[in-house]
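Hi,

Here is the structure I promised to pass on.

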Amino acid sequence: MKKYAALLICSLFAGTSCQPESISDEVEPIGQTVQVSFQVALRGEVTPFRQTRNMPEGLPSDPVASQAEEDEGNTGETAQPTTTLSWVEYALYSTDGELIHHIREEITLTPDGTASFSLEDKLTPGTYKACFLAHSVEDATFSEEDNLMTFPEIQDTFWGADEFEINAGEADASVPVTLTRAIAGIEFSPTDDVPAEVHHFHIETSGLYNTINLLDGTSSSASIEIPYTYTFTPEDKEEGKRVRQMIYSFVPAPEEEAESALIRTITLKAMQEDEELTPDPVRERTITNAPIYRNKITRYTGTLYTGGETLTDFILDLDTEWGETIEHPLDEIGE
């Protein structure tokens with residue numbers, strides 16, 4: 001699979017202020033400023049996790065359920081919603097990590113799905129670190145004290161940074177910065193159709209990690225509860241449909257001696273329409289210690305919607321297109 005990345009092409013145009021010819025023909029580096037113009041382009045193919053032949057057009061922003069036909073089975077093909085990247089956070093640092101300034105820019109989408117923006121800076125000669133974060137959550141906030149971006153909801157997000165040097169008298173220069181995906185995907189892939197009596201689907205977690213450090217791209221262990229609900233459409237209940245569910249999380253460093261970061265509990269509930277009259281789920285399942293990996297999908301496959309006992313195993317695997325595969329069978333718990 002082609003790995004998706006966002007390429008930011010930053011063009012630095014250097015200019016110096018004119019010095020009076022009667023005083024000196026030389027440019028004094030102290031106090032000289034260089035006009036830095038960042039021309040940023042996001043290629044169209046950065047937007048989805050993956051696309052398959054079943055991907056319909058015009059899907060809303062994720063997280064959202066997606067559909068796969070029955071004949072796909074468990075081939076690992078994942079129909080992903082198209083991600084809308086709406087904002088870019090730009091933070092400029094000195095080489096010792098001191099924040100110089102932070103700017104948020106809105107991305108302008110073009111008809112072909114690409115995105116671009118431009119901004120300008122006036123910098124004195126020296127070495128800097130420019131950091132970028134592309135996302136679609138308007139209410140995300142930035143803290144200058146600890147460089148953390150905090151998200152009230154989590155959608156597809158890309159981070160990248162690079163150091164560059166501005167020399168006195170430089171005419172122009174360019175710095176390419178590659179953004180890579182900064183989150184993990186957790187997908188629930190059903191082996192059963194959606195029964196007529198199931199109206200919606202809940203996902204509850206012990207907490208999803210919701211911060212990323214703009215300076216170094218790492219995530220902290222801070223987490224929040226982000227309930228997820230998907231209401232099924234009549235098309236979802238057609239025979240042979242396989243309606244998958246997807247949630248996202250940032251990924252902190254794993255605990256000591258752990259192989260990966262974990263989400264402690266994830267509870268899945270297939271519910272009828274009126275929860276007051278029928279509060280018991282048609283089917284409920286709790287998964288403990290779900291492993292998550294940056295830029296990888298952790299996929300659970302099993303019975304999600306149908307009540308009663310089943311003889312199938314609940315299988316956990318790591319998307320082979322994103323990296324190595326892990327498998328862990330779980331005993332099926334029927335209702």
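First, a term: buried means under 20% relative accessible area, exposed means over 50%, and partly exposed is in between (1.4 Å probe, protein chains only). By that cut-off, Phe201 and Tyr305 are both buried.

Before the rest, some housekeeping. This is a predicted model, with local features needing pLDDT of at least 70 and side-chain atom pairs counting only at pLDDT 80 or more, while totals for chains, interfaces and linings use all residues. Residues are numbered from 1 along each chain as its sequence is written, and side-chain values use heavy atoms, leaving out hydrogens and water.

Now the aromatics. A search of the whole structure turns up seven aromatic pairs (Phe, Tyr and Trp rings, the last by its six-membered ring, with centres within 6.5 Å; planes under 30 degrees apart are stacked, over 60 edge-to-face, the rest tilted). Phe201 and Tyr305 have ring centres 5.3 Å apart and planes at 80 degrees, so they pair edge-to-face. Tyr230 and Phe232 are edge-to-face too, as their centres are 5.4 Å apart and their planes at 85 degrees. Both Tyr230 and Phe232 are buried, and Phe201, Tyr230, Phe232 and Tyr305 make up one aromatic cluster.

Thr267 is worth a click as well: it is buried, at 13% relative accessible area. Its side chain makes a polar contact with that of Thr286 at 3.2 Å (N or O atoms within 3.5 Å; within protein, one able to donate a hydrogen and the other to accept it, and sequence neighbours counting only if both atoms are side-chain atoms).

Cheers
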